[in-house]
Amino acid sequence: MDSKSLFAKARTLMPGGVNSPLRACKYVNAEPVFIENAKGAHLFDVEGREYIDYVFSWGPMLLGHQDPAVNAAAHAAVDHGSSYGAPCLGEVLLAEEIQKLIPSMEMMRMVSSGTEATMSALRLARGYTGRNKFVKFIGNYHGHADAFLAAAGSAAGTVPGTPGVPEEVISHTLLAQYNDLDAVKKHFEESGDEIACVIVEPCAGNMGLVLPEEGFLQGLRDLCTKYGAVLIFDEVITGFRLAPGGAQERYGITPDLTTLGKIIGGGFPVGCYGGKREIMEHMAPVGGVFQAGTLSGNPVAMAAGLATLKRLQECDYATLEARTRALTGELASILEGKGKPVYVAQAGSAFTLYFSDKPVTNMIESGRCDQATFAVYWKQMMAKGVYLAPAGFECAFTSFAHSDEDFEKTLDAARAVAF
Ligand code: PLP
């Protein structure tokens, strides 16, 4: 079956034909292609068309698809049984590896998605402090748990209001613009003894890539310390991507709790939250904060995650960042040559190319970018075999599997775009 027929069938079976809203390509007025295979930096659709991938399953596949070591580890694990619901060696080995790379995670708990990780970290922060309110940033996305769906980024930002989320649930969610430390200070001045935590994407990736301004993360650290609130870095995207030790290594700021997902599963469903021992020991069965999971610490996912983290430590992050910078710089100049002002935000191997003549530092500025032009760009890049996220408010990712030839072909595709 071709993609068009599959999508027609899928729409009769799943809302919008998809299992996650952005995949429907609604925000670029298009229909998705159905993927049959993925290898290295390339995707192959059901009609045999090949694409250079810049989505990588929305971040997890930093090594590229089907890395031989990761595949071998996953196959070997399956041969020992795919789920036990009991402690296993793999979860200890992965936790040890994570702790080595992110020392602030003195203890941790494995879950099955980023959503579960952030939702559990929030509950833990509340249980630990005995407070209910928390600060989140407009345009940051922390998964789809109720409390985070206030002014969320990514596809959640396109849904008007938050149907299905009782007002009382989000009445504890205090909002601030990203990079606006004064707004956070004001929340603390007004209700400091009621704020359990501040949760932040230390480099935001769900309103397009938005970098933290100088002093922003340190300011959050200082406010949380001053008021006895828990600082949570949501590193579901940035963990192991911006550096082997994530954004906290790159920016040199230590949170109290960290949430992870995506890369730590090596393409399998995994999340993780962890941090200070004193806080983590409030989790059941040691403490009273409850959280559990049938598939938590799944042996196949643990094996793939461990193989991924080990392989990443052999990889040259600085070179990938420099190669990505050369790519984004050239892309920008090609598009500017066609009369379209472009602002590129990049951190490591993540970037967003905004159709904007101004820098983007928060959701207001991201929202002003030219999405109609992005849709024209997206369609023509796809037609030339360059697979980009189907919305202008998302990140693009490069990987250790991209070749110089892949980047050259991407630039050729951009040169051919007509607005
Ligand atoms: N946190 C961040 C920063 C994310 O980008 C995402 C997903 O994109 C999540 C949490 C939720 O993760 P998941 O989709 O695995 O539930």
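Mentor: A residue counts as near a molecule or strand if one of its heavy atoms lies within 4 Å of it. This is a predicted model, in which local features need pLDDT of at least 70, side-chain atom pairs count only at pLDDT 80 or more, and totals for chains, interfaces and linings use all residues. Residues are numbered from 1 along each chain as its sequence is written, and side-chain values use heavy atoms, with hydrogens and water left out.

Trainee: Which residues surround the ligand?

Mentor: The ligand is surrounded by Ser113, Gly114, Thr115, Tyr141, His142, Gly143, Glu201, Asn206, Asp234, Val236, Ile237 and Lys262.

Trainee: How many of the shell residues are nonpolar, polar and charged?

Mentor: The shell has 3 nonpolar, 6 polar and 3 charged residues. Here Ala, Val, Leu, Ile, Met, Phe, Trp, Tyr, Cys and Pro count as nonpolar, Asp, Glu, Lys and Arg as charged, and the others, Gly among them, as polar.

Trainee: How much of the ligand's accessible area does the protein cover?

Mentor: The protein covers 82% of the 390 Å² that the ligand has on its own. Such areas come from the Shrake-Rupley method with a 1.4 Å probe; for residues, only the protein chains shown count as cover.

Trainee: Changing topic, what is the strand order in the open sheet with S12?

Mentor: The order is S11-S12-S14, with antiparallel pairing. Strand S11 (343-347) and strand S14 (396-397) each have a single partner strand, so one side of each has no neighbour in the sheet. Strands (E, at least two residues) and helices (H or I, at least four) are DSSP runs numbered from the N terminus, and two strands pair if DSSP finds at least two bridges between them.

Trainee: What is the bridge partner of Phe351 in S14?

Mentor: The partner is Ala396. S12 (residues 350-354) and S14 pair over 2 bridges.

Trainee: And which residue takes a positive phi in the hairpin of S1 and S2?

Mentor: Gly40 does, near 60 degrees, in a hairpin with 2 residues between the strands. Lys39 stands opposite His42 in S2.
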